There are 2 protein chains.
Amino acid sequence: MYDWKDIIEELNKGKTFMLYPHVNVDGDGAGSCLALARMLSEMGKECRIYLGDELPAYLSFLDCPFFVMDPLGFSAEVAIAVDCGEDGRLPGRLDTFMATPVRLCIDHHIKTKPFDVKHIMNDPHASACGMMILDLFRAMGRTPSKEEAEALYVAIITDTGCFKYSNTTAETHAAIAELYGCGIDHSRLCNMLYENKPFPKIKLEAEIIKRARFFAGGKACLSYATQEMLDMCGAVPGHSEGCVDILRSIEGVEIAIFIKQQQDGNYRASMRAKDYADVAAVALPLGGGGHVRAAGCSFSCGLDEVIDILVPAVEAELARHTDI
Amino acid sequence: MYDWKDIIEELNKGKTFMLYPHVNVDGDGAGSCLALARMLSEMGKECRIYLGDELPAYLSFLDCPFFVMDPLGFSAEVAIAVDCGEDGRLPGRLDTFMATPVRLCIDHHIKTKPFDVKHIMNDPHASACGMMILDLFRAMGRTPSKEEAEALYVAIITDTGCFKYSNTTAETHAAIAELYGCGIDHSRLCNMLYENKPFPKIKLEAEIIKRARFFAGGKACLSYATQEMLDMCGAVPGHSEGCVDILRSIEGVEIAIFIKQQQDGNYRASMRAKDYADVAAVALPLGGGGHVRAAGCSFSCGLDEVIDILVPAVEAELARHTDI
């Protein structure tokens with residue numbers, strides 16, 4: 001489906017590869033990298049997945065020696081940004097990335113900034129980067145192994161919210177049917193992903209719900225998690241993953257905003273739209289990015305100030321749709 | 001895939017049809033009946049879907065004149081039990097069903113009892129009855145309309161727990177890809193089904209999580225909702241539906257217990273097992289009932305006493321599985 005010629009040439013030519021998922025790695029970033037790393041490894045290449053942060057607990061079952069937090073002197077000829085399309089999402093790793101002779105990018109986010117790489121494959125219509133990696137397998141004439149297919153399944157099911165999000169298409173379901181054919185154990189994966197929640201995470205979710213506030217006539221819902229709340233619940237940063245979706249699932253809510261304090265004390269907001277609003281239009285002018293129905297941005301100010309910036313921006317976006 | 005010859009003959013021959021989903025109608029029963037009713041209607045037949053109870057709130061968006069709670073003198077030549085394979089699941093409607101000259105059955109439950117019908121199509125391996133109805137469309141050379149495909153989508157996504165349950169197969173996903181081709185608006189349907197939660201329900205869930213307590217080394221988790229908690233959250237009794245599943249989804253939990261105060265002040269406990277425990281074995285000696293992984297029982301004593309009865313009973317059940 002895509003024209004992979006240039007990228008395949010680099011995959012065949014290179015001997016050592018370093019894959020870079022975006023910071024705050026999620027199921028799509030980790031799963032896409034893992035499938036690609038396994039494929040490269042089978043091709044006789046040396047490969048690492050250089051993480052910007054630890055795998056979140058709900059993905060820890062994917063952990064394996066490909067994932068590193070420190071390259072420990074491993075120097076790659078080819079760097080591939082996977083599920084990551086801009087400098088800003090490689091904090092702490094950008095120097096290593098830029099120092100690599102051949103840089104490639106495979107990504108499905110909306111491209112807003114130039115990215116200094118040799119070849120780029122970007123499809124913002126792909127429901128997950130894992131869909132693109134599966135297409136790369138096809139283009140290379142390779143059938144994913146069970147392990148590769150399971151990594152791609154994790155990538156796709158997490159980035160489509162269990163196939164519920166608007167980014168899900170007939171192709172998504174056809175791809176999943178194809179992955180079943182590779183022998184995946186989807187029950188085991190779903191138990192790991194969805195029936196294995198650490199209690200501190202559930203407690204944190206309850207605290208976040210308690211603090212939910214509504215505005216724009218109930219069309220917007222905002223909540224947050226501070227480091228203090230995380231500590232109180234015994235939660236780790238990955239535990240707030242998915243909280244924005246709980247807020248979005250509330251009756252009448254069109255835009256959900258979840259603000260999370262980062263370990264450096266700053267805040268990051270995740271936004272989700274349900275049906276018609278464009279949260280990328282809210283995030284982009286604030287220096288953030290993302291998709292129409294899922295976007296985010298970072299702030300270096302206090303929580304009250306973040307809320308004071310976001311509330312009118314979200315109200316303005318909702319006001320554009322008064323006909324609905 | 002199935003041999004529909006006998007059933008198709010009856011569909012072509014009959015002029016008036018009444019469809020019977022099982023009592024406590026769910027997404028599969030309602031969606032399968034609706035798709036079939038629309039198809040029969042397009043064939044020029046008169047058709048009703050005779051419900052044993054009202055459509056639950058989360059399915060109310062499917063409501064249309066096919067659904068009736070009272071046939072009001074409508075007498076059908078052909079009765080079809082859909083997603084329902086035994087007498088016991090037609091309380092209040094069995095006489096009408098049995099009085100119909102031609103009785104058919106299309107169902108995917110495990111058959112344990114005889115069912116007095118002319119033709120039966122039963123496949124316990126089908127992930128939803130909706131999968132079988134889609135196959136009937138194919139066998140009749142009919143492409144589902146958008147409305148029919150949407151009804152089938154609701155049937156399949158609800159009975160497979162968003163494609164997470166072990167009954168999901170490659171065929172399930174291939175069928176969904178086919179339904180996308182019929183023009184379904186899956187985002188709208190998923191929003192109606194999953195993104196439309198009353199805030200009082202979510203608030204109640206948070207309160208229930210706050211009160212969760214663990215025992216048996218973390219293998220059992222218990223929580224409760226009193227009438228006072230319901231009032232505090234502005235919740236109605238139906239809002240605690242699914243709370244026991246939240247408790248079950250916690251890491252390490254094998255048995256989840258959710259105790260709910262009834263409107264008469266008494267308590268009812270719902271229990272769920274995740275993997276290996278038998279909660280029917282806990283409920284039965286206490287005068288309750290259910291299945292191995294989902295059971296319940298009622299009490300006419302105070303909450304503390306209920307807990308004092310249940311904790312040792314659950315501990316004893318878990319102690320039977322110390323080899324795990």
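**Fold and chain contacts of a two-chain predicted model**

Chain A has 324 residues, for which a compact globule would have a radius of gyration near 20 Å; the value for chain A is 19 Å, which agrees. This radius is taken over C-alpha atoms, and the globule rule is 2.2 Å times the number of residues to the power 0.38. The structure is a predicted model, in which local features need pLDDT of at least 70 and side-chain atom pairs count only at pLDDT 80 or more, whereas totals for chains, interfaces and linings use all residues. Residues are numbered from 1 along each chain as its sequence is written, while chains are lettered from A and ligands numbered from 1 in the order in which they are written.

Along the principal axes, the C-alpha atoms of chain A fill a box of roughly 55 × 40 × 40 Å. Chain A contains 12 helices and 12 strands, these being DSSP runs numbered from the N terminus (helices H or I, at least four residues; strands E, at least two). Of its 324 residues, 51% count as buried; a buried residue has 20 or more other C-beta atoms within 10 Å of its own, an exposed one 12 or fewer, and a partly exposed one a number in between, with C-beta atoms placed from the backbone. Among contacts in chain A with a separation of 6 or more, 67% come from residues 24 or more positions apart. Two residues are in contact if their C-beta atoms, placed from the backbone, lie within 7 Å.

The domain assignment divides chain A into domain 1 (5-194) and domain 2 (199-319), with bounds that come from an automatic or database domain assignment. Nine residues from domain 1 of chain A and 11 residues from domain 2 of chain A make the contact between them. On the domain 1 side, the touching residues comprise five nonpolar, four polar and no charged. Here Ala, Val, Leu, Ile, Met, Phe, Trp, Tyr, Cys and Pro count as nonpolar, Asp, Glu, Lys and Arg as charged, and the others, Gly among them, as polar. The C-alpha centres of the two domains of chain A lie 26 Å apart.

Between the chains, 33 residues of chain A are in contact with 32 residues of chain B. On the chain A side, the elements that give two or more residues are α6, α7 (186-194) and α8 (199-210). That side divides into 15 nonpolar, nine polar and nine charged residues.

Helix α6 (residues 170-180) of chain B has B:T172, B:H173, B:A175, B:I176 and B:L179 buried. These residues lie on the same side of α6(B) because they cover an arc of only 155 degrees around the axis, the arc being that of the directions from the helix axis to the C-beta atoms. They pack against α6 (170-180) of chain A, and also against α4 (129-139) and α5 (146-159) of chain B.

Chain B also holds an open sheet of six strands with mixed pairing, in the order β7-β8-β9-β10-β12-β11. Strands pair if DSSP finds at least two bridges between them. The edge strands, β7 (213-215) and β11 (289-290) of chain B, each pair on one side only. Strand β10 (residues 267-273) of chain B is largely enclosed by the rest of the structure, because six of its seven residues are buried. Seven bridges connect β10(B) in antiparallel fashion to strand β9 (residues 255-261) of chain B, and B:I259 has B:A269 as its bridge partner in β10(B). In the hairpin of β9(B) and β10(B), with five residues between the strands, B:G265 adopts a positive phi near 95 degrees. Strand β12 (residues 294-299) of chain B runs antiparallel to β10(B), joined by six bridges, and B:Y267 stands opposite B:F299 in β12(B).
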